[in-house]
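Dear colleague,

Please find below the structure that I am handing over to you. My notes on what was found in it follow directly after it.

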Amino acid sequence: MAFPHHRPRRLRTTAAVRALVRENTLRPADFVLPVFIREGATEPRPITSMPGVVQHSMDSLKRTAHDVVKAGLGGIMLFGVPETKDAVGSAGVDPNGILNVALREVRKEVGDDTVVMSDLCLDEFTDHGHCGVLTTDGDSPATVDNDATLAIYADMAVAQAEAGAHMLGPSGMMDGQIGVIREALDEKGYQDTSIFAYTAKYASAFYGPFREAVNSSLEGDRRTYQQDPANLRESLWELEQDIAEGADMVMVKPGLPYLDVLRAVAEASPIPVGAYQVSGEYSMIEAAAAQGWLDRERTMLESLLSFKRAGADTLLTYYALEAAELLASGRAPKEFL
Ligand code: PBG
């Protein structure tokens, strides 16, 4: 036989044969759109570090929720930006707090036509910007009190379920958060409210632009509760605990720099796995594309496809609407259709 014996290029010769053997594809229902709702805003406000993403007013949020349904997205994930913050994040628990009001409004608009999700964390609501309440002994750097925070998460979960969220996304990385939230929901009769656990969540520089998106006042960092970027094994330990405590779905975050973690979690998980393409990943693509250094649409879709290849079932991305529209209109580059 002539050399080479194998010619993998045969299956790359035409677009048709490439389509025939394509292992992974993207579809609108894979995507979840994260959105920010700003209390008191009368019109959407641009987020400078995330070109194309805004802090919504209630009206623009409602319109976007309808766009999400029309585009056939899997879901919409709400983040609240309250007008006033305090040490314990009261606005997160208050039924009249901006996130809970927005959940109620969005649910009224979309019913069960898409999955309405809410971020369940205190950092958007605390004046110090941490994901929980602080110990009172004035430590420097500030220490987040795990168990005191859990009690607030339980109340927040009930408030969000009561407001109509289908699925809660606890993202604070407190130990035991899934168990406490599940118990609180069940106790109040919210057995059908699901938990999408941020299972592997790293202390990442890629969240940079998100801080502007939620007007965060954080000083210091989250390294005493979010995971060390150097570690993989502990994500599997977090996975085991979240499943044992009652998670319905699990998430890995950030996405692109943690595809190895995503692959490991996807292989170990008996329940659906999501990946979050976070603010910094979005902004990097936008910044390079604005310079003409990257093909924006190809980079967007290729990065999303990489999450599917790594084993994700669900993709949280600020590109959700645009990617879905590109795919549905047939305008997406052929290698993604
Ligand atoms: C915490 C939370 C964060 C993000 C989602 N949920 C910020 C953080 O943990 O520091 C980041 C999302 C993004 O960067 O797009 N509520």
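Asn215 is partly exposed, because 16 other C-beta atoms lie within 10 Å; a residue is called buried with 20 or more other C-beta atoms within 10 Å of its own, exposed with 12 or fewer, and partly exposed in between, the C-beta atoms being placed from the backbone. Although Asn215 is a residue other than glycine, its phi is positive, near 50°. Asn215 is placed in the loop between helix 7 and helix 8 (233–245). Helices (H or I, at least four residues) and strands (E, at least two) are DSSP runs, numbered from the N terminus.

Please note that this is a predicted model, in which local features need pLDDT of at least 70 and side-chain atom pairs count only at pLDDT 80 or more, while totals for chains, interfaces and linings use all residues. Residues are numbered from 1 along each chain as its sequence is written.

Met173 is not a glycine either, yet has a positive phi of about 60°. Its place is the loop between strand 6 (167–170) and helix 6 (177–187). Met173 counts as buried because it has 23 C-beta neighbours inside 10 Å.

Two peptide bonds are cis. One joins Phe3 and Pro4, with omega about 0°, and Pro4 lies in the segment before helix 1 (15–20). Another runs from Lys253 to Pro254, with omega near -10°; Pro254 belongs to the loop between strand 8 (249–253) and helix 9 (259–268).

How are helix 2 and helix 4 packed? Helix 2 (residues 58–70) and helix 4 (residues 98–110) pack at an angle of about 40°, and their axes are 10 Å apart. Axes here are lines fitted to C-alpha atoms, for helices over the stretch in contact, and angles run from 0 to 180 degrees between N-to-C directions. Helix 2 is therefore oblique to helix 4 (under 35 degrees is roughly parallel, over 145 roughly antiparallel, 65 to 115 roughly perpendicular, and the rest oblique). Met58, Leu61, Lys62, Ala65, His66 and Val69 of helix 2 meet Ala102, Glu105, Val106, Glu109 and Val110 of helix 4, where contact means C-beta atoms, placed from the backbone, within 7 Å.

In helix 10, the buried residues are Ser279, Gly280, Glu281, Tyr282, Ser283, Ile285 and Glu286. These buried residues pack against helix 7 (208–213), strand 9 (273–277) and helix 11 (296–309). Just after helix 10, Gly292 takes a positive phi of about 80°.

Yours sincerely

Technical notes:
Contact = placed C-beta atoms within 7 Å.
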